[in-house]
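Here are a few friendly notes to read alongside the model. Have a look at the structure, and then let's walk through some points together.

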Amino acid sequence: MQDESQQVAKLYGATRTPHLFVLTRKGADFVVSYIGAIDDNSEDTKQVKTKYVENAMADIIAGKPASPSSTKAVGCTIKW
């Protein structure tokens, strides 16, 4: 699905591309469990030491809160 109107990006506060949001269901609602960068090296995938999204998902699947729950998103700024 594509956010053509950018309504969802604005709702969650996305400021850069990519700016990742991992949502988990709490009852009938969704909450942000992780927000930020994909990993610790946006320039060279071979130099990645920490996979933030992968680690957050593993924590969530294990029933734990994502740690860290946020990192700084790195990328081009979104021009509204």
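1. A word on terms to begin with: contact here means heavy atoms within 4.5 Å. Leaving aside neighbours within four places in sequence, Ala66 is in contact with Ser33, Tyr34, Ala56, Asp59 and Ile60.

2. Some ground rules. This is a predicted model, in which local features need pLDDT of at least 70 and side-chain atom pairs count only at pLDDT 80 or more, while totals for chains, interfaces and linings use all residues. Residues are numbered from 1 along each chain as its sequence is written, and side-chain values use heavy atoms, with hydrogens and water left out.

3. Now the hairpin. Helices (H or I, at least four residues) and strands (E, at least two) are DSSP runs, numbered from the N terminus, and two strands pair if DSSP finds at least two bridges between them. Strand S2 (residues 20-26) pairs with strand S3 (residues 29-36) in the antiparallel sense, over seven bridges. Arg25 stands opposite Phe30 in S3. Two residues lie between the strands of this hairpin, and Gly27 takes a positive phi near 65°.

4. Thr24 is worth a look in strand S2. Its relative accessible area is 15%, so Thr24 is buried (buried means under 20% relative accessible area, exposed over 50%, partly exposed in between, with a 1.4 Å probe and protein chains only). The side chains of Thr24 and Ser33 are joined by a polar contact of 2.6 Å. Such a contact is a pair of N or O atoms within 3.5 Å; within protein, one must be able to donate a hydrogen and the other to accept it, and residues adjacent in sequence count only if both atoms are side-chain atoms. Not counting residues up to four places away in sequence, Thr24 touches Asp29, Phe30, Val31, Ser33 and Ile60.

5. Which residues make up the largest nonpolar core? The seven are Val22, Tyr34, Ala37, Tyr52, Val53, Ala56 and Ala66. Helix H2 (residues 52-61) gives the largest share of this core, three residues. A nonpolar core is a set of buried Ala, Val, Leu, Ile, Met, Phe, Trp, Tyr and Cys residues joined through side-chain atoms within 4.5 Å.

6. Last, the charges. A salt bridge is a side-chain nitrogen of Lys or Arg within 4 Å of a carboxyl oxygen of Asp or Glu, and by this rule the count comes to two. Lys51 meets Glu54 at 3.9 Å, N to O, and Lys64 meets Asp59 at 3.8 Å, N to O. Lys51 is partly exposed at 43% relative accessibility, as is Lys64 at 47%, whereas Asp59 is buried at 14%.
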